[in-house]
Amino acid sequence: MSSDVLISGGTVIHATSTERADVLVRDGRVLAVGVDLDRPAGATVIDAEGCWVGPGFVDLHTHLREPGREEAETVLSGARAAAVGGYSAVVAMPNTEPAIDNAMVAQFVLDRGREAAVDVAVAGAITAGRLGEHLAEIAEMAALGVRLFTDDGTGVQNPLVMRRALTYARPLGVRLAQHCEDEALAAGGVMNEGEVSSRLGLAGRTAVAEEVMVQRDIELVRLTGCPLHFLHLSTARSIAMVTAARREGLPVTCEVAPHHLLLDDTACADFDAIFKVHPPLRTASDVSAARDALRDGRIDAVATDHAPHAPELKEMSFDDAPAGMLGLEHAASITLDVVGDDALRFFEVLSRAPAAIAQLRASDERPRHSAHGGDVREGDDANLVVFDPRQRYMVDREKLQSRAVNTPYDGRVFVGRTRALLVRGNVRVNEGSLS
Amino acid sequence: MIDSIAGRNLITLQHVSQQAIVEILDTADAFVEVNARAIKKVPTLKGRVVASLFFEESTRTRLSFETAAKRLSADVLSLAVASSSVKKGESLRDTIATIDALGIDAVVMRHSASGAPEQVSRFVPHVRVINAGDGQHQHPTQGLLDVFTIRQVLAERHGTTGRESGSELFVGLKVLIVGDLRHSRVARSDVMAYTTLGATVRVCAPGTLLPVDVSQWPVEVVENFDEALGWADVVGVLRLQKERGTGSLVPSLGEFTRTHGLTWERARRLSPSTLITHPGPMNRGVEIDSRVADLDVALMERQVANGVPIRMSVLYLSLAGRAPERSADE
């Protein structure tokens, strides 16, 4: 077994309280939480002075690209990026080649994940081949422990298919997640539709393409009673719609991507396809609305939509380049920038809420995965992050763990960085570096 | 703001100042004289290599640029890389790196994707990039030759020369741009060129052929085409870009002609001094009536002719890195 680990001198962030305490980890679990714990012989000591000690982050939205696009990312490289970002678990999106739309491919990714630096859960596709026509084998994937299903990359366009998927999923106890964009209305656009796209002569994706699908799906949730998670909401009105649905008591949750908390559509003005993403970077007022909603609880989770692409693809024209940008290594810094010193909120949106949505908590039935998003109490699985909320650093795209380099943050200075990460009691990151 | 394009790329007219535009026009005026000579060639860019890289076919613009480069004694590498023959997925960087390896000083580039020349300029910072039209973004030399042509005609009417008038003749000038603005890189460059020189610009188009948000453009959107025609000193007719899916944006070409075409009936109501421009190639009978296109006030042939001195001017300033010495030209 792994050796004992003593996390010393940090501030432990429980779900509803914080305390200055040490955390002792043994055999993959939290053995004790308390002040001035004795260091057992042979224990690894992690200096957490000035740091927050909380449950490892959980990413609901990671593109690991394996199988099919291993030149951009693999399960193992993506997991390393997740680890330095402070994540103890990620949910791998199913838009691989082939898609994760059956138990065999799901099993393949889960098996690859066993050797990874962090826990790798899998999201299955809603429809076969993500083509939006026939239901994928959801129940067989659910039997393997898959708890989240989405056609992410695109939304399920046909409302009848989506209704059937929700109706089919409901008794299985799984959650569907939707990438909301009506493709007909998005009309092949490559950036947010508005003043900037009109000036640049780039085809726009209207915010309404997202909003009509959000509203459509809210009505389908009302009709079917099946829970639904809204992926990467990017507009003020989308957030307002989901907020209203939640107030009605509908079983809906939502996430925001870090880039939608920081960047607006003016970032596209230099035609650098690094900034091409779906849904697109919106206006400054949408960014401001997303930040407010993350702070005040209307948005449940930050999820990275980490989307590695090979460099040559991002060097094509803005029209031709694929959409998506990296996120795992810097999402926590951006989240900190939004929530400030509210450590409870910080761990809620990065760990506890996403763990609940992905059904990765101790109370969930979760074959294959250890428990994430816990309270940092004796007996918890030791999936823990030590996060230094004051460390400044500059992003250098040459020093990423991800196999790809399509970060929109190259050269930017962030505050707040993962100092250490434990996954199942094993030290994966120490002093900011992979161990 | 850029106060001179000397030594710089020309990708957009967005940040090009009035001073810089006037410098380009004045330089072009000097080259008009060259083009009138029996031997239409100056040694200015001797030994320099200009690549013309057309990812989207355009015989007219390519010929105009290549003629301009040759009259400046530059060597021209002409690579017509029609979109159909470029495998989608080839990175811009690879294509430009191949050309650059041949040893070039400038690249004149046309691409169907907005922004491609700007991307290329980052890949080869040591090469001057001249945008010959990118997607629906900009076509700066077209915008420049349009204002050059208007300045030339107005100067003749006022018994002066373009160079003497500077930008004066644009003060209070009323320009109406009509048609497929949504898809038009020409319109985006024209708007910048005219307004930077001091003209007032109105635009008129079917709702579906206007860019979605022009609130920040220095233009006034007008609904009534016939009323606007009475207002205008210059009518810039745009080409209906049927190949860019305009077909599904208007009910029919016939309806477009009836609502926004410069028909014979409309042209007859124009003041006789109203000038008409069109960037070509024209869809005769769609956005402009064939007889209207042949009127004396329709400047299309002049626009084409002026393409060469304007492009000589742009290549010269961009590559030579300095304005021509006045004394030598005068």
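Reply: Two residues are said to touch, or to be in contact, when heavy atoms of theirs lie within 4.5 Å. The model is a predicted one, in which local features need pLDDT of at least 70 and side-chain atom pairs count only at pLDDT 80 or more, while totals for chains, interfaces and linings use all residues; side-chain values rest on heavy atoms, with hydrogens and water left out. Residues are numbered from 1 along each chain as its sequence is written, and chains are lettered from A and ligands numbered from 1 in the order in which they are written.

A single residue shows how contact is used. Leu64(A) touches Glu73(A), Thr74(A), Val75(A), Gly78(A), Ala79(A), Val90(A), Ala92(A) and Val120(A), when residues up to four places away in sequence are not counted. Leu64(A) sits in the loop between strand E6 (57-62) and helix H1 (75-84) of chain A, where helices (H or I, at least four residues) and strands (E, at least two) are DSSP runs numbered from the N terminus. Although Leu64(A) and Val75(A) are 11 residues apart along the chain, their C-alpha atoms are separated by 5.3 Å. Leu64(A) counts as buried because its relative accessibility is 2%, the term buried meaning under 20% relative accessible area, exposed over 50% and partly exposed in between (1.4 Å probe, protein chains only).

Now to the two domains. Chain A is divided into domain 1 (5-53 + 377-434) and domain 2 (56-357), with bounds that come from an automatic or database domain assignment. Taken over C-alpha atoms, the centres of these two domains of chain A are 26 Å apart, and 37 residues of domain 1 are in contact with 47 residues of domain 2. Together the two domains of chain A bury about 3,400 Å², 65% of it on carbon and sulfur atoms; buried area is the accessible area (1.4 Å probe) that two parts lose on being put together, summed over both. Of the area that domain 1 of chain A buries against domain 2, Arg403(A), Asn406(A) and Tyr409(A) supply 21%, more than any other three residues.

Which residues form the salt bridge between Asp119(A) and its partner? Asp119(A) pairs with Arg424(A), and their closest N and O atoms are 2.9 Å apart, a salt bridge being a side-chain nitrogen of Lys or Arg within 4 Å of a carboxyl oxygen of Asp or Glu. The count of salt bridges between domain 1 and domain 2 of chain A is 1.

On the side of domain 1 of chain A that touches domain 2, strand E5 (52-55), strand E16 (384-394), strand E17 (413-423) and strand E18 (426-430) each supply at least two residues, and E17(A) gives the most, with 7 residues. By class, this side of domain 1 of chain A has 22 nonpolar, 11 polar and 4 charged residues, where Ala, Val, Leu, Ile, Met, Phe, Trp, Tyr, Cys and Pro count as nonpolar, Asp, Glu, Lys and Arg as charged, and the others, Gly among them, as polar.

Ser333(A), placed in helix H11 (residues 331-339) of chain A, counts as buried because its relative accessibility is 3%. Residues up to four places away in sequence left aside, Ser333(A) touches Phe387(A), Tyr393(A), Phe414(A), Val415(A) and Gly416(A).
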